[in-house]
Amino acid sequence: MSWPIIARRDWRNTAGQRSTKVLLGLVACVVLLAGYVYPVLTQEPYSTARFTGYAVGWLTTLVPLVGVLLGYGAVVEEREDGSLLLSLSLPISREDVLVGKYLSRSGLLAATLVISLVVAGSLVVYPYGELDPLPFIGFVVLTVLFGAVWTGMGLAVSLAVSTKRRALVLGVTIFFLLVVVWDTVVDALGLALEAVGLVNGELPEPLQFVVGLAPERLFGRITDGFLNPAATVDGAWYLSEWVALVLFAGWLVGPLGFAYLRFRGEDLS
């Protein structure tokens, strides 16, 4: 098994790049800022459990963008310069390349999130907050998985195309559609249906399910349902946090799995 070698080498090379340091530094700064201003901008009681619901809004745009930017060049860059074919001529499989790159890129983001969230949690607790460890630990794990979803999508793009420029365009487009445009369309749809009298402030539950399929919305629903004591998840069974958890797992493995199936049978020459 050669993937640990690939993971260690890619970790060193990626962590040493200035762009990576900027992206991960931005994530850390935003998380720490959220922990610092949470007791200032919200009302008591302050706790790490309630902080989970507050922190979601700070993470649902930044983490997807950073994940895509970390992952999009992982494989296609080596494919473009010919070093990927050289690596595959050694006792290294395409699966080794996938696993090593994924663990390296998602691991860098995960380490940044864990460290910064722990420090942010300490800012919440000191001097007036309350430590509620289990929900907070669960939120740290969920946030790491959310970062892995988007790093995996960036890596999936890197597996699916043959040039780094195409990978960048496709990765940013996916981010833009699922994060920026998605929320805008949902808000516009709600206003339009309310204007014609079909809804009264809330979308029908089947439509809520459809618009809630985006990863960041699943992330928020899982947080509200399992971790945030100040929030509840109401509605039909298919709007529950358990269904959201299953759908979230689909985002975690689906895009990367389908991209690998294409990559496994593709002629790289």
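This is a predicted model: local features need pLDDT of at least 70, side-chain atom pairs count only at pLDDT 80 or more; totals for chains, interfaces and linings use all residues.
Colleague: What makes helix 8 roughly antiparallel to helix 11?

Modeller: The axes of helix 8 (residues 133–160) and helix 11 (residues 215–227) come within 11 Å and cross at roughly 170 degrees. That makes helix 8 roughly antiparallel to helix 11, because angles under 35 degrees count as roughly parallel, over 145 as roughly antiparallel, 65 to 115 as roughly perpendicular and the rest as oblique. The axes are lines fitted to C-alpha atoms, for helices over the stretch in contact, and angles run from 0 to 180 degrees between N-to-C directions; the helices are DSSP runs (H or I, at least four residues), numbered from the N terminus.

Colleague: Which residues of helix 8 and helix 11 meet?

Modeller: With contact meaning heavy atoms within 4.5 Å, residues including Phe-139, Leu-142, Phe-146 and Trp-150 in helix 8 meet residues including Phe-219, Ile-222 and Leu-227 in helix 11. The residues of this contact of helix 8 with helix 11 divide into 11 nonpolar, three polar and one charged, where Ala, Val, Leu, Ile, Met, Phe, Trp, Tyr, Cys and Pro count as nonpolar, Asp, Glu, Lys and Arg as charged, and the others, Gly among them, as polar.

Colleague: Why is helix 2 called roughly antiparallel to helix 4?

Modeller: Helix 2 (residues 18–41) and helix 4 (residues 62–71) pack at an angle of about 165 degrees, with their axes 10 Å apart, and that angle makes helix 2 roughly antiparallel to helix 4. Among the residues that meet are Leu-23, Val-27 and Val-30 in helix 2 and Leu-62, Val-66 and Leu-69 in helix 4; by class, the contact of helix 2 with helix 4 has nine nonpolar, one polar and no charged residues.

Colleague: What makes the pair of Tyr-38 and Tyr-46 edge-to-face?

Modeller: The structure holds 10 aromatic pairs, and in this one Tyr-38 and Tyr-46 lie 6.0 Å centre to centre with 75 degrees between the planes. Rings of Phe, Tyr and Trp (its six-membered ring) pair if their centres lie within 6.5 Å, and planes under 30 degrees apart count as stacked, over 60 as edge-to-face and the rest as tilted, so the pair of Tyr-38 and Tyr-46 is edge-to-face.

Colleague: Are Tyr-38 and Tyr-46 buried or exposed, and how do you know?

Modeller: Buried means under 20% relative accessible area, exposed over 50% and partly exposed in between (1.4 Å probe, protein chains only). Tyr-38 counts as buried at 3% relative accessibility, and Tyr-46 counts as buried at 14%.

Colleague: Why is the pair of Phe-51 and Tyr-54 called tilted?

Modeller: The rings of Phe-51 and Tyr-54 have their centres 6.5 Å apart and their planes at 35 degrees, so the pair is tilted. Phe-51 and Tyr-54 both lie in helix 3 (residues 48–59), three residues apart, about one turn of the helix. Tyr-38, Tyr-46, Phe-51, Tyr-54 and Trp-58 form one aromatic cluster.

Colleague: How do you know whether Ser-2 is buried or exposed?

Modeller: Ser-2, which lies in the segment before helix 1 (3–15), has a relative accessible area of 13%, so Ser-2 is buried. Leaving aside its neighbours within four places in sequence, Ser-2 is in contact with Pro-91, Ile-92 and Asp-96.

Notes
Residues are numbered from 1 along each chain as its sequence is written. Side-chain values use heavy atoms; hydrogens and water are left out. Helices (H or I, at least four residues) and strands (E, at least two) are DSSP runs, numbered from the N terminus.
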